[in-house]
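The points may be read alongside the sequence and coordinates.

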Amino acid sequence: MSFQQGLSGLNTSAKQLDTIGNNVANSSTIGFKESQAQFADKYAASLAGGGGNLQVGGGSQVAAVVQQFSQGNITSTSNPMDTAISGQGFFRLLDSNGGVVYSRNGQFQLDKNGYIVNNQGHKVTGYLPNAAGVIVQTNPLPIQISAADLVPKQSANSVVGVNLDSLASVPLATVFNPNDPTTYNNSTSMTVYDSLGGSHVASLYFQRQPIAATSSAAAIPAGSTSATLASTAGMAIGNTIAIPGAGAAVTPSTTASATAVGDTTATLASVAGLTPGSNITIAGNPGASTITSIAGNVVTFAPATTAVTAAGAAVTATSPQTVTLTGVNTATGVVTFNPATVSATIANAAITSNAGSSNWNSYLTLDGASIPPSTAPLTPLAVLTFNTLGQVTSPVGPPLGQVASASFTPVGAAAQTLTFQFGQTTQYGGSFGVNTLSQDGYASGHLSGFSTSADGTIMGRYTNGQSRAMGQMVLANFTDPQGLQPIGNNEWVESSTSGGPLVGVAGSSSLGTLQSGAVEESNVDLTAELVNMITAQRVYQANAQTIKTQDQIMQTLVSLR
């Protein structure tokens, strides 16, 4: 039996040395996973002696040679296509016959057709993007890097975030001219692109509008289109002003209650058409009064009545008329407006401009030409209005908030509309500044490089500053990785004992993450293997010694006389 025991020990020790030798030989192989020889003892199947306490083992045997899938060190490389797995999982590749193989070796490069392949020419698989550049997680396919130029995108939306100085003065020349800096306060510009990728310079100009003002006017007869104001300060062409008492007449009647001398209120049967600021004339009372407030059917007015009117007396009211200034003569104080007044108003009527201290005109030129094309005075792109907190309140329009748009047709390109979002524009007491100025178009671009993110997404970089997803590597894991069948070249195939592949993106579930420009080294601990080699050598020698000793005993027995 001793010969058999020693021989089995020699065999198992030789197998261990083979395993150690293979580990040492692959200590520099990228993605290699060390193996470990595992042993079991042997017993002869015998009932002799009637008990197990007298049985002597029959030696040893190799139970299995198991690969250890522990993490190897990750080392950076100069190849951006090299990819290392940190954690569990395997790269999924297709061989030349279309068969699926798995590997931890991330030494990749591009073949002549743009496919990502390993040193054996096996193609890396993953999810591919659709026409819009969005990764679609369907059946994994070979990833191909396209070297085609990126198609240009026509500019459509722009975000404008500037601060307009709330203390800025109104330009002396109110008719905007992009070639005359005295007709606007500030300007900025950006590049926009047409459907062919051609670039155009879009310039925005901001012009402060006149400050709101209130003045008084002499009596204005019905049909007037001009008035003499006590002051024209703050008044400008284009301002809208309200003239009390110059609007259409409304004739409700009072209730039966009498109006006494000194009254400042009256109850009317109807207040339809009346607003604060309307002038009313009460029958039997000389002069006219101005409504200051309305509560239900009770109106409050001033000045107070000076004579008593009969109950149910008729009340005539005229509402303010809104007109637009068409001319302002600062020397004489005469302003012209339209439309003409409907009825006469009282002398010294208070006229208020509603232009507001927070109104700015915004103009647009494209390559120096105004958009929309217009003769002087040019049409503003937008009239920006701000509240007392410095926030823009108009124009308003979905889906971008405060928006305005302009259309044009570049030479040789498709017609396009530019939408400007002014929601981030402010009016604070500070100097003009550009905080945000962006647009969503771009010219065509050449592929300049690419990199792999932690989730396996391969991002291509183009010379126009854009980036596009070109594919996403997938990883596969197994319930029992040690059941995988090694086929050489750092590759495995699934087997009946490994279970089916669990495919997903890096970082999901139990799958590890990826690192671009790096590789995973062999997980062989060379120092430990050398120590194991010495141990295995001693075990081999010891088993040989048992055979030698048994031979000497046999020689002694044979030599007996």
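1. Lys33 has a relative accessible area of 1% in this predicted model, and because that value falls under 20%, the residue counts as buried. Its salt-bridge partner is Glu520, and the closest N and O atoms of the two side chains are 2.6 Å apart.

2. Glu520 is itself buried, at a relative accessible area of 0%. Its side chain also meets that of Arg104 in a salt bridge, with an N to O distance of 3.0 Å. Arg104 lies in the loop between β6 (100–103) and β7 (109–110) and Glu520 in strand β41, so this contact ties together parts of the chain that are 416 residues apart in sequence. Arg104 has a relative accessibility of 4% and therefore counts as buried as well.

3. How many salt bridges does the structure hold? The count is two. Lys33, Arg104 and Glu520 are linked in a network of such bridges.

4. The structure holds twelve aromatic pairs. In one of them, Phe69 and Phe90, the ring centres are 5.6 Å apart and the planes stand at 75°, so the pair is classed as edge-to-face. This pair, too, joins distant parts of the chain: Phe69 is in the loop between β2 (59–67) and β3 (74–76), and Phe90 is in strand β5 (residues 90–94), 21 residues apart.

5. Phe91 is located in strand β5 and Phe108 in the loop between β6 and β7, a separation of 17 residues. Both of these residues, Phe91 and Phe108, are buried.

6. Beyond individual contacts, ring pairs connect Phe69, Phe90, Tyr102, Phe478 and Trp492 into a cluster. A contact of another kind involves Lys123, which lies over the face of Tyr115 at 4.2 Å from the ring centre.

7. The last point concerns the second largest pocket, which contains about 350 Å³ of space. It is lined by 16 residues, and those closest to its centre are Ala131, Leu150, Tyr462, Arg468 and Ala469. Which element supplies the largest share of this lining? Strand β36 (residues 467–477) does, with three residues. By class, the lining comprises ten nonpolar, four polar and two charged residues.

Technical notes:
Residues are numbered from 1 along each chain as its sequence is written. This is a predicted model: local features need pLDDT of at least 70, side-chain atom pairs count only at pLDDT 80 or more; totals for chains, interfaces and linings use all residues. Side-chain values use heavy atoms; hydrogens and water are left out. On a 1 Å grid over the protein atoms alone, a cavity is a set of points where a 1.4 Å probe fits but cannot get out, and a pocket is an open set with protein on both sides within 12 Å along at least five of seven lines; lining residues have an atom within 4 Å of a point. Grid points are joined across faces, edges and corners, and a volume is the space filled by probe spheres set on the points. Helices (H or I, at least four residues) and strands (E, at least two) are DSSP runs, numbered from the N terminus. Ala, Val, Leu, Ile, Met, Phe, Trp, Tyr, Cys and Pro count as nonpolar, Asp, Glu, Lys and Arg as charged, and the others, Gly among them, as polar. A salt bridge is a side-chain nitrogen of Lys or Arg within 4 Å of a carboxyl oxygen of Asp or Glu. Buried means under 20% relative accessible area, exposed over 50%, partly exposed in between (1.4 Å probe, protein chains only). Rings of Phe, Tyr and Trp (its six-membered ring) pair if their centres lie within 6.5 Å; planes under 30 degrees apart count as stacked, over 60 as edge-to-face and the rest as tilted. A charge sits over a ring if NZ of Lys or CZ of Arg is within 6 Å of the ring centre and within 35 degrees of the ring normal.
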